[in-house]
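Subject: A structure for you to look through

Hello,

I am handing over the structure below, and after it you will find notes on what turned up when I went through it. Please keep it open beside the text while you read.

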Amino acid sequence: MRHWIQRGLVAVALIIALPAHADEYDTNWYDAHWYYEVDKKSAWQGDLIARLKAIEDIFEGRLGVYVQNLASGEAFSWRADDSWYLASLIKIPVAAQVLAERQMGTLTLDDRLTLARSDFVDGAGPTNWHDPGTPISIRYLMEQMLTVSDNTATDMLIDRVGLAAVNARARAMIAASGGNPDEIGPISKLVGVRQGVYGELHPDARELGGMDFIALRQHSVSQRGQALARVLDVSTASFTQPDYDHAFDAYEASGENVGTLSAFGDLLASLHPVQQGSAMDDLNDEQRQTLLALMQRTRSGKQRLKAGMGSGISFAHKTGTQQRRSCDAGIAQRTNADTATQGPWVIVTCTRGPEAVSAHERTLARVGEALRYSGALGKPW
């Protein structure tokens, strides 16, 4: 569902609403483009803006926030129309495509995929603990992909349903909510992310496989360039980027796994009953509820939005973490909601800046608090 106030009308409303002595206002207050998305009649919005500005000042990085009330359609944006690296948030459309194929009858969750040595990808999750040749159920792979962000499980599922189908699914989900599918870049396999990042240092790295990247991951970020040079038997003088950080920036600029937070919010909105209709007949209520139930059991990111929102919120979500980047996104519901205006809410947040993951998690927890106490999620509790 798109926002119930069109952008052009909001812009006109702003011009009308501003007094003649507009120079008395702090124009920096409007820097985040949030006014394109927000119904300015809601009292909580100014409070939330002030809180986010303070959070970002402490964080010393960049923060993006998108919130939409799925009952009313009201939406709020803080840099949500900028492009952000979505990291493991892309695992949600992977799961959606698996469940669509379950509905079509081309697979079942009890089907087993055989783990190959070429499937291994560095990162969290227990799939890498199994020996090559082990048959693993799709049900298990889905659970690990969503609850602990298992990369090897993700790539096995992508191979099963096809990368083109995953990308088509993501676009269909955004379009089903009235969003613009062009606001999300192509989704890649997780091993493709590694090939892309290291390939920005040296093109030969694009030929490396998952086990190579697992070995490189054993080195600190500052030493990965030298380690890559040894693997490729080249000199670091031949690198096209000075270090891993710059290589990741260059990879992000390619557009893979990048999108606006508002577009990803539309993708999430397509999963909730408020949004269900004929737009995605091939992903019915049973499959959507299966996906949301899995997201409800997410074990990663306990120190992010959930920590700030507190126990009064039920949050079906997915987290993402990469070099100097973190995200947390999902559908939140008040456990004691008694009116239609009290959600549910789509929430999408991403950060970029410090190297320490803990700094990002503290910031996302503060965003959760800001949403809670500003009244963005209904009356503060």
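F213 is buried, with a relative accessible area of 2%, where buried means under 20% relative accessible area, exposed means over 50% and partly exposed lies in between, using a 1.4 Å probe and protein chains only. Please bear in mind that this is a predicted model, in which local features need pLDDT of at least 70 and side-chain atom pairs count only at pLDDT 80 or more, while totals for chains, interfaces and linings use all residues. Residues are numbered from 1 along each chain as its sequence is written, and side-chain values use heavy atoms, with hydrogens and water left out.

The partner of F213 is Y198, and the two form a stacked aromatic pair, with 5.4 Å from centre to centre and 25 degrees between the planes. Rings of Phe, Tyr and Trp (for Trp, its six-membered ring) pair if their centres lie within 6.5 Å, and planes under 30 degrees apart count as stacked, those over 60 as edge-to-face and the rest as tilted. Y198 belongs to helix 7 (residues 190-201) and F213 to helix 8 (residues 210-217), so the pair ties together parts that are 15 residues apart in sequence. Helices (H or I, at least four residues) and strands (E, at least two) are DSSP runs, numbered from the N terminus. Y198 is buried as well, with a relative accessible area of 4%.

These two helices also pack against each other: helix 7 and helix 8 meet at an angle of about 65 degrees, with their axes 10 Å apart. Here the axes are lines fitted to C-alpha atoms, for helices over the stretch in contact, and angles run from 0 to 180 degrees between N-to-C directions. On the helix 7 side V191, R194, Q195 and Y198 meet G210, F213, L216 and R217 of helix 8, with contact meaning heavy atoms within 4.5 Å.

In total the structure holds six aromatic pairs. Another of them joins F248 and Y251 edge-to-face, at 6.1 Å centre to centre and with 80 degrees between the planes. Both residues lie in helix 10 (residues 244-253), three residues apart, about one turn of the helix, and both F248 and Y251 are buried. Together with Y85, F248 and Y251 form one aromatic cluster.

What links C327 and C350? They form a disulfide, with their sulfur atoms 2.1 Å apart, the rule being a pair of cysteine sulfur atoms within 2.5 Å. The torsion about the S-S bond of C327 and C350 is about 105 degrees, so this disulfide is right-handed. The pair links distant parts of the chain, since C327 is in strand 8 (residues 325-334) and C350 in strand 9 (residues 345-352), 23 residues apart. Both C327 and C350 are buried.

Helix 4 (residues 138-147) is also worth a look: seven of its 10 residues are buried, so helix 4 is largely enclosed by the rest of the structure. Its buried residues pack against several elements, including helix 3 (91-104), strand 5 (135-137) and helix 12 (285-296). After helix 4 comes S149, whose phi is positive, near 60 degrees.

For the chain as a whole, there are 14 helices and nine strands, and buried residues make up 54% of the 381 residues.

Best wishes
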